[in-house]
Amino acid sequence: MRKVLIITYYWPPAGGAGVQRWLKFVKYLREFGWEPVIYTASNGEAPVIDTSLAQDIPENVEVIKTPIWEPYGVYKKFIGQKKDEKINTGFLTEQQKPKATEKMSVWVRGNFFIPDARKFWVKPSIKYLLNYLNTHPVDAMVSTGPPHSMHLIAMGIKRKTGLPWLADFRDPWTNIDFYKDLMLTSMADKKHRRLEREVLQQADVVTAIGNTLRDELKALGARHAATLTNGYDESDVALKEVQMDERFSLAHIGSLVKSRNHPVLWKALAALVKEHSTLAEHLEIKLVGKVDISVLQSLEEYELMPYLNKIDYLPHDEVIKVQQQSQALLLLLNNTHNAKGILTGKFFEYLSARRPIIGIGATDGDAARVMAETQAGTVSDFDDLEGLKQNILTLFNDYQQNKLTSRSVGIEKYSRKTLTQQLAALLASVVE
């Protein structure tokens, strides 16, 4: 059994998609000849807590935790946030208007905490892990980002030991959709890009969640880049009897940030409820998770608040149930410059729920390709009002006739176990 050191900031009891990707890999790695060793922070800042995820941690797996100092305590005091309040990711705000202190702190974050606020953990982690590896050797290591400071830890170890290294990108670095919002100086931008290039050039293999990001990382200097998508866990979605929602529920699961707030959706629904009284009687807009204030403002503007069912963050096992119970699932992809490459983790769980998917995003993007391949639903462009209305109306007509289903063919290739087998092969390729 070979050993692999996995450097990850996010780990249970933290919740969210960033945790689930590597938690699920760890769950199945032993079946493919690899013993995982986890290195994570003992006191990291997690946007959400999900204790249900701990049940997926394999028995007797070694989890090494060391303390991290982060500037979040200072940040919260500066913006007037309570100590126990969670910090949202991806510039999601639930306030009417961000405070001036928040804008100032974003500037500080982007220009002084490079690549991110976990930078102060890099040197202590390199020192700790070099000592650990002297007495507990491993065959390879993995770093997963964001936060991209995890890659800098691995790069420091690589330079000292030559240990084979796989760098996993769950999101882009300098091409992430909110990069421009960091208000970077020219010097800070150059440093971000230099560090990104060094990581890509020194890692033995780089993995990306989709083909578009993989190709971008190759263009930026990755020596060997491979696609390793997110997926779904068959054990999470084992066939169980679920009580379908009585109403025509359109559910969005996960953080609904400003760039996923598409006016075309609200325009389409507002028009449909006026044109079809029966749809108005049955419609339910179900939003599960953090919701940006701009979304609620749009629902107010289009007079859709009476149809809203807003649910706070749910544990992962309950989310699976909600997905299976909903009549249809909303896949709202960020309307940003990198829209083609966005392939969210929840998309694959949507596939496993076998409910029709209503997608809004780049029709020539990675998500649209998988949607067409699996016949799981439709993707409308960001401004295709009539096409979206027709897609929703078709689903509603099927709902009325009790035949609203999704084929979701060929999704087995996206099971977490199958993807872990691909990961094991990539790890083997860097040590042989």
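Is the crossing of helix 5 and helix 6 left-handed or right-handed? The crossing is left-handed. A crossing gets that name if the near helix is turned anticlockwise from the far one by less than a right angle, and is right-handed if clockwise.

First, some ground rules. This is a predicted model, in which local features need pLDDT of at least 70, side-chain atom pairs count only at pLDDT 80 or more, and totals for chains, interfaces and linings use all residues. Residues are numbered from 1 along each chain as its sequence is written, and side-chain values use heavy atoms, with hydrogens and water left out. Helices (H or I, at least four residues) and strands (E, at least two) are DSSP runs, numbered from the N terminus.

Stay with the two helices. Helix 5 covers residues 149-161 and helix 6 covers residues 186-202. Their axes come within 10 Å and cross at roughly 50 degrees. That makes helix 5 oblique to helix 6. Angles under 35 degrees count as roughly parallel, over 145 as roughly antiparallel, 65 to 115 as roughly perpendicular and the rest as oblique. Axes are lines fitted to C-alpha atoms, for helices over the stretch in contact, and angles run from 0 to 180 degrees between N-to-C directions. Contact means heavy atoms within 4.5 Å. Helix 5 brings H151, L152, M155, K158 and R159 to meet L195, E198, V199 and Q202 of helix 6. By class, this contact has four nonpolar, two polar and three charged residues. Ala, Val, Leu, Ile, Met, Phe, Trp, Tyr, Cys and Pro count as nonpolar, Asp, Glu, Lys and Arg as charged, and the others, Gly among them, as polar.

Helix 5 also packs with helix 4, at an angle of about 45 degrees and with the axes 9 Å apart. So helix 4 is oblique to helix 5. This crossing is right-handed. On the helix 4 side, the contact residues include I126, L129 and L133; on the helix 5 side, they include L152, I153 and G156. The classes here are eight nonpolar, four polar and one charged.

Seven strands form an open sheet with parallel pairing, in the order 3-2-1-4-5-6-7. Two strands pair if DSSP finds at least two bridges between them. Strand 3 (62-66) and strand 7 (225-227) stand at the edges with a single partner strand each, so one side of each has no neighbour in the sheet. On average, neighbouring strands are turned by 20 degrees against each other, direction ignored. Strand 6 (residues 205-208) pairs with strand 7 over three bridges, in the parallel sense. There, T207 stands opposite A226 in strand 7. Helix 15 (residues 416-431) packs on the sheet and touches several strands, including strand 1 (2-7) and strand 2 (34-41). The direction of helix 15 makes about 95 degrees with that of strand 2.

Next come aromatic rings. Rings of Phe, Tyr and Trp (its six-membered ring) pair if their centres lie within 6.5 Å; planes under 30 degrees apart count as stacked, over 60 as edge-to-face and the rest as tilted. The count comes to 11 aromatic pairs. Y39 and W121 have ring centres 4.9 Å apart and planes at 10 degrees, so they are stacked. Y39 lies in strand 2 and W121 in the loop between helix 3 (100-112) and helix 4 (122-135), 82 residues apart.

Finally, look at the backbone. Most residues other than glycine have a negative phi, and most peptide bonds are trans. The bond joining P12 and P13 is cis, with omega about 15 degrees. The bond from P146 to P147 is cis too, with omega near 0 degrees. Q375 is not glycine, but its phi is positive, near 55 degrees.
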